[in-house]
Amino acid sequence: MFVFRIDSGSGVPPYLQLVQQVRQAVLLGFLKHGDRLPLIREVAETVAINPNTVAKAYRQLEQEGLVTGRPGTGTFVNETPAATISPATYTSLQRGLETWLGRARAAGLDEQAINALFTAAVNQAKNENIA
């Protein structure tokens, strides 16, 4: 079963954290077509947020076409045209990123500096049509 996590210190509104987690889980193949998201009440109790916040996240996911709510049964992941990556590719990329993060920490970068460097690299890649 999919489990949500809320980082109260991130500065990102809780409903957006939920939305981002579902988007990422679908992209990475952790959530697949037909999988049921936890019930609104379950999420609210598990992460200690207002049920209306969870409902807002689920509504946004529905508007984006990622999920469909079925009254009385739950909210289910739709078939998505976006490509998902294979587990082997995911594992390989994750290991490479973990190695890079280790090197960045060894070089003395804190989390904020690592995020800034990563964001700059992504933006540069976009500008050069690499990503």
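Trainee: How are residues numbered, and which pLDDT do local features need?
Mentor: Residues count from 1 along each chain as its sequence is written. In this predicted model, side-chain atom pairs count only at pLDDT 80 or more, totals for chains, interfaces and linings use all residues, side-chain values use heavy atoms without hydrogens and water, and local features need pLDDT of at least 70.

Trainee: What is the order of the strands in the open sheet?
Mentor: Strands here are DSSP runs of E, at least two residues, and helices are runs of H or I, at least four, numbered from the N terminus. Two strands pair if DSSP finds at least two bridges between them. The edge strands, β1 (36-37) and β2 (67-70), each pair on one side only. With antiparallel pairing, the order is β1-β3-β2.

Trainee: Which residue in β3 does Gly-69 stand opposite?
Mentor: β2 and β3 (residues 74-77) pair in the antiparallel sense over four bridges. Opposite Gly-69 stands Thr-75.

Trainee: Is α1 parallel or oblique to α3?
Mentor: Axes are lines fitted to C-alpha atoms, for helices over the stretch in contact (heavy atoms within 4.5 Å), with angles from 0 to 180 degrees between N-to-C directions. Helix α1 (residues 14-27) packs against α3 at about 45°, the axes being 8 Å apart. Angles under 35 degrees count as roughly parallel, over 145 as roughly antiparallel, 65 to 115 as roughly perpendicular and the rest as oblique, so α1 is to α3 oblique.
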